[in-house]
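Student: Hi! Could you walk me through this protein, starting simple?
Tutor: Happy to, let's look at it together.

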Amino acid sequence: MFKKIRKLLGCSLLAAALTVGSAVGVSAAVDVSATTGTYPVESDSWANWPQSPSMLAVTACLMDADTGAILYARGMDVPRFPASITKVMTALVVMEHADLNAQVAFTETGLADAYGGSSNINPTLGEVFTVDQMLQMLLVKSANDVATQLAEAVGGSVENFAAMMNQKAAELGCTNTHFANASGLENDDHYVSAHDMALIMKAAISHDRLREIMNVQSIQVPETNASGARYYDTHLQMLVPGNEYYYEGALGGKTGYTPVSGSTLVMYATRENRTLIGVVMGSQSAQLDTNGCCIDMADLFDYGFYSFSYQDMTGGYPYLWGGTALLPNGMDPAGVNVLTEETPEGVLYSYQYNGQNLGNGLMAKDTYDAMQAALQSAAETEMAAQEGTEDAVTSSSADAPEERTGNSGKSGRTVVMTIAIAVLTVSILGCIVLIILTSEGHQKKLHSQRRNRKNKKDR
């Protein structure tokens, strides 16, 4: 089976190693001097974004698994030595290229990495395991010798398998990652950014079997052709109830540690139908042990679960699926940028903010068309109403000066008429007075004449 795979891969792996290497940034250098606080928390500068907790990690990333939205970012695109979280990518590539029931015999290549320490199973030459058993020991025991042996079995050589890892990284959109081996042992050309590691984990948990393996607290590997049964416990304390670092909702992940890389951890957890992926790199507690990553991861998950929530974006219209956006608590959905794209399945909605896709939804094309027609009709009705109002206002404005002019004319005529009437009244009164006075004078004259005549007669 593995010979068939290697034949299909052929020499294309060597070409992939060259082309993909440039795509994921082979020339990047890891700053081993970087410490906590070297890189700022970029997400704290985003408008309307909740402020994050303090972290021990040098770099970190928190991603929503459903949308790929970044909720927390601290130097998330900076290359770092990943240590054994590398094995998540190893498991992903093996899962996509090998039969889980196929058998693998240990060779000198695998034994070369079977040195003393906790991250090995110390097999014997020719000892046989199934691929599924090796994946369990890879992710639960974090066995370096198993990683190397799987790389040779699937890729034909460790170098070819690393090329497959880099090709997969490029397919996933990783831009600051380059793998040189399958185990995570330190190498100047072996690095991953926190953001890229989250993308890798997102792809890995799309496989049911990998989710199952990463979720177990212990495994039992049956006896082989060379040894008895093996028993291993998980290194991930956050999965174990009763442990001081246990985190409710944690479903699986992978730890890593070297003196140079510090403590590294990639995990995913689910609460209330929300799944988050966290990555912390370079975490070290005050005691410089590996528990710093657990402290950081718990804080990171709490931040994501308590500071964000899904909000309905459908506006009451039926969606085929989705129609929600993961937003900071209390954020107005009106501030979200809504993009639409027609697809064969319907109209795809994307809800974006700060350059992040915070959710999606799919609406049937006929529903979308009906909604647009309704919105257009409502817009036209509103426009007509506004135009009617504007016409009424314009008409009133145009008539107002004429009315004022008319009133002014009427007022002028009224004043003239009033004056004329007053003059006429005065004239009439004057005439009446004159007549009266004249009449009185005439009466006095007549009376004087009569008196004179009477006096003459008396004499």
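This is a predicted model: local features need pLDDT of at least 70, side-chain atom pairs count only at pLDDT 80 or more; totals for chains, interfaces and linings use all residues.

Student: OK, how many helices and strands does the protein have?
Tutor: There are 11 helices and 15 strands. Here, helices (H or I, at least four residues) and strands (E, at least two) are DSSP runs, numbered from the N terminus.

Student: And what share of the residues is buried?
Tutor: Of the 459 residues, 46% are buried, meaning under 20% relative accessible area, while exposed is over 50% and partly exposed lies in between (1.4 Å probe, protein chains only).

Student: New topic: how do α5 and α9 cross?
Tutor: Helix α5 (residues 131–141) and helix α9 (residues 208–215) have axes that come within 9 Å and cross at roughly 50°. Axes are lines fitted to C-alpha atoms, for helices over the stretch in contact, and angles run from 0 to 180 degrees between N-to-C directions.

Student: So what do we call that orientation of α5 and α9?
Tutor: The two helices, α5 and α9, are therefore oblique to each other. Under 35 degrees counts as roughly parallel, over 145 as roughly antiparallel, 65 to 115 as roughly perpendicular, and the rest as oblique.

Student: Which residues meet there, between α5 and α9?
Tutor: From α5 come D132, L135, Q136, L139 and V140, and they meet R209, L210, I213 and M214 of α9. Contact means heavy atoms within 4.5 Å.

Student: What about α5 and α6, at what angle do they pack?
Tutor: Helix α6 (residues 144–155) packs with α5 at an angle of about 140°, with the axes 8 Å apart. The pair α5 and α6 is therefore oblique too. On the α5 side are V131, M134, L135, M137 and L138, which meet V146, A147, Q149 and L150 in α6.

Student: Back to V140: is it buried or exposed?
Tutor: V140 counts as buried because its relative accessibility is 3%. Its place is in helix α5.

Student: What does V140 touch, leaving out residues up to four places away in sequence?
Tutor: V140 touches I213, V216, I219, Y232, D233, T234 and H235. V140 and V216 are 76 residues apart in sequence, yet 7.8 Å apart in space, C-alpha to C-alpha.

Definitions and conventions
Residues are numbered from 1 along each chain as its sequence is written. Side-chain values use heavy atoms; hydrogens and water are left out.
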